[in-house]
Amino acid sequence: MSLKDEELARYSRQIVLPQFGGVGQQRLKAASVCVVGAGGIGCAVIPALAGAGLGHLTVIDGDILDLSNLHRQPLYRSREVGEPKAALAGQFVRRLNPFTDVNPVEHRITGDNASDLLTGHDLILDGTDNFATRLVVSDTAVRLGIPLVSAAAVQFQGQLGLFRGAPCYRCFVGDAFDSDDCDTCAELGVLGALTGTVGNAAALLAIRALAQVGDDPAGKLHLFDGLTGEWRIMRLPADPACRACGT
Ligand SMILES: [Zn+2]
């Protein structure tokens, strides 16, 4: 996949990186990513991926912009309250980078539509705010054989990981949360600086996987404590009895 002169100039500060180079740029241009959730995590991920020259970006979000979103979702403006977030994110991407093809989807993802919405992407990045949705997205990613970056931030804690087959996200959280909308930031609170930190770290994992730079990040959980600034990395065991990825 060749790059135009304008693309070479636009991405020159990353093409100059020896680990990334023109080959990494071409891999990003050839790649298709589905971002599930255009909230705090998505608002960091979407500009990072589109700015870096991802070829195709699908953004799935069924919500409209609420005034209480603005403290952590810098893609949006005060005058846009009440408008659909997926459409606003699509406008943002078109303004940022005309070389990224964007498909905004104004639907909530569920067990009924997840396969249709996620099929055909090279990577899924889930930044939604409840376990039930995250497990639907993860189970579907396992079934479709698509790598998943799952990222979450609540209060002062962040977690993210890249899952490719086993271990999957369900191996990590178990089966207890399938019907539970617990632990949303509406109830527990979160700082915008935390969702931005975790979202950018998730975008970096996605770019590493797509451009094939650095160590393979699959199967490790990255934990961030916003009150100490410390990151911890744990290697996750696969659960042989996992109903998504187990044998
Ligand atoms: Zn599993």
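Reader: Which residues is I46 in contact with, leaving aside its neighbours within four places in sequence?

Author: This is a predicted model. In the model, I46 is in contact with V35, A38, L57, V59, L75, A89 and V93, once neighbours within four places in sequence are left aside. Contact here requires heavy atoms within 4.5 Å.

Reader: What makes I46 stand out in the largest nonpolar core?

Author: I46 is among the residues with the most contacts inside that core, together with L49, L57 and L125. The core has 44 residues. Elements giving two or more residues to this core include β1 (32-36), α4 (42-52), β2 (56-60) and α10 (192-211). Of these, α10 gives the most, with ten residues. Another core, of 21 residues, lies apart from it, and I60, I124, F163 and Y169 are among its members.

Reader: How do you know which atoms coordinate the zinc ion?

Author: A donor must be an N, O or S atom within 2.8 Å of the metal. The SG atoms of C168, C171, C242 and C245 lie at 2.3 Å, so they count as donors.

Reader: Why is the arrangement around the zinc ion called tetrahedral?

Author: Four donors count as tetrahedral if all angles lie between 85 and 135 degrees. The angles here are 92 to 125°, so the arrangement is tetrahedral.

Reader: How are the donor residues spaced in sequence?

Author: The spacing is C-x2-C-x70-C-x2-C. The pair C168 and C242 links distant parts of the chain, 74 residues apart. C168 is in the loop between β6 (157-163) and α8 (169-173), while C242 is in the segment after β8 (230-235).

Reader: Why are C168 and C242 called buried?

Author: Buried means under 20% relative accessible area. C168 has 0%, so C168 is buried. C242 has 6%, so C242 is buried as well.

Reader: Why is β6 described as largely enclosed by the rest of the structure?

Author: Six of the seven residues of β6 are buried, so the strand is largely enclosed.

Reader: How do you know that β5 and β6 pair?

Author: Two strands pair if at least two bridges are found between them. β5 and β6 have seven, in the antiparallel sense, so they pair. V149 stands opposite L162 in β6. The hairpin of β5 and β6 has two residues between the strands, and Q155 takes a positive phi near 50° there.

Reader: What makes β6 and β7 a pair?

Author: β6 and β7 (residues 220-225) are joined in the antiparallel sense over five bridges. The requirement is at least two, so these strands pair. The bridge partner of Q157 in β7 is D225.

Notes
Residues numbered from 1 in each chain as written. Predicted model: local features only at pLDDT ≥ 70, side-chain atom pairs only at ≥ 80, totals over all residues. Heavy atoms only, no water. Donors = N, O, S within 2.8 Å, 3.2 Å for Na, K, Ca; no water. Tetrahedral: all angles 85-135°; square planar, octahedral: opposite > 155°, others 65-115°. Helix = DSSP H or I, 4+ residues; strand = E, 2+ residues; numbered from the N terminus. Buried < 20%, exposed > 50% of the residue type's maximum accessible area, 1.4 Å probe, protein only. Core = buried A, V, L, I, M, F, W, Y, C linked by side-chain atoms within 4.5 Å.
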